Amino acid sequence: MNVDEEIQQLKQEIKRLGHKQRDGSYKVTFGVLFNDDRCANIFEALVGTLRAAKKRKVLAYDGELLLQGVHDNVEIVLKPEPEAA
């Protein structure tokens with residue numbers, strides 16, 4: 001998978017595991033994502049995929065590098081899809 005494909009897959013997993021917000025965004029904690037068996041099988045480097053998605057402004061979270069255990073409660077927000085014109 002290339003980076004764009006991994007980001008698309010990550011978006012699907014965040015929607016599956018997260019909670020939809022009123023603004024159309026989805027929230028999930030890093031710990032939920034990291035400890036999910038399906039995500040573990042899909043993503044070789046979950047943290048790297050998260051960083052690439054953040055850089056592309058697809059999602060947002062506090063900090064730069066997320067570490068399992070230390071950052072399990074950090075909220076990851078998948079930004080709402082732009083409305084089609």
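**Exercises on a predicted fold**

F34 has a relative accessibility of 35%, so this residue counts as partly exposed (buried means under 20% relative accessible area, exposed over 50%, and partly exposed in between, with a 1.4 Å probe and protein chains only). The model is predicted: local features need pLDDT of at least 70, side-chain atom pairs count only at pLDDT 80 or more, and totals for chains, interfaces and linings use all residues. Residues are numbered from 1 along each chain as its sequence is written, and side-chain values use heavy atoms, leaving out hydrogens and water.

**Exercise 1. Find the partner ring of F34 and describe the pair.**

Step 1. Count the aromatic pairs: there is one. (Rings of Phe, Tyr and Trp, the last by its six-membered ring, pair if their centres lie within 6.5 Å; planes under 30 degrees apart are stacked, over 60 edge-to-face, and the rest tilted.)

Step 2. F30 and F34 have ring centres 5.5 Å apart and planes at 45°, so this pair is tilted.

Step 3. Both residues belong to helix 2, four residues apart, or about one turn of the helix. (Helices are DSSP runs of H or I with at least four residues, strands are runs of E with at least two, and both are numbered from the N terminus.)

Step 4. F30 has a relative accessible area of 0%, so F30 is buried, whereas F34 is partly exposed.

**Exercise 2. In which order do the strands stand in the sheet?**

Step 1. The four strands make an open sheet in the order 1-2-4-3, with antiparallel pairing. (Two strands pair if DSSP finds at least two bridges between them.)

Step 2. Strand 1 (19–20) and strand 3 (59–60) are at the edges with a single partner strand each, so one side of each has no neighbour in the sheet.

Step 3. Check the bridges one pair at a time:

- Strands 1 and 2 share two bridges, and K20 faces Y26 of strand 2.
- Strands 2 and 4 share four bridges, and T29 is opposite E75 of strand 4.
- Strands 3 and 4 share two bridges, and A60 has V77 as its bridge partner in strand 4.

Step 4. Look at the faces of strand 4: I76 and L78 are on the covered face, while E75 and V77 are on the uncovered one.

**Exercise 3. Which elements supply at least two residues each to the largest nonpolar core?**

Step 1. This core has 22 residues, and those with the most contacts inside it are L10, I14, L33, L50, L59 and I76. (A nonpolar core is a set of buried Ala, Val, Leu, Ile, Met, Phe, Trp, Tyr and Cys residues joined through side-chain atoms within 4.5 Å.)

Step 2. Helix 1 (3–17), strand 2, helix 2 (30–35), helix 4 (46–55) and strand 4 (75–78) each give at least two residues. Helix 4 has the largest share, with five.

Step 3. Zoom in on L33. Setting aside neighbours within four places in sequence, L33 is in contact with L10, I14, L17, V28, C39, L46, L50 and I76. (Contact means heavy atoms within 4.5 Å.)

**Exercise 4. Is T49 buried or exposed, and which residues does T49 touch?**

Step 1. T49 is in helix 4.

Step 2. Its relative accessibility is 4%, so T49 counts as buried.

Step 3. Not counting residues up to four places away in sequence, T49 touches E6, I7, L10 and F43.
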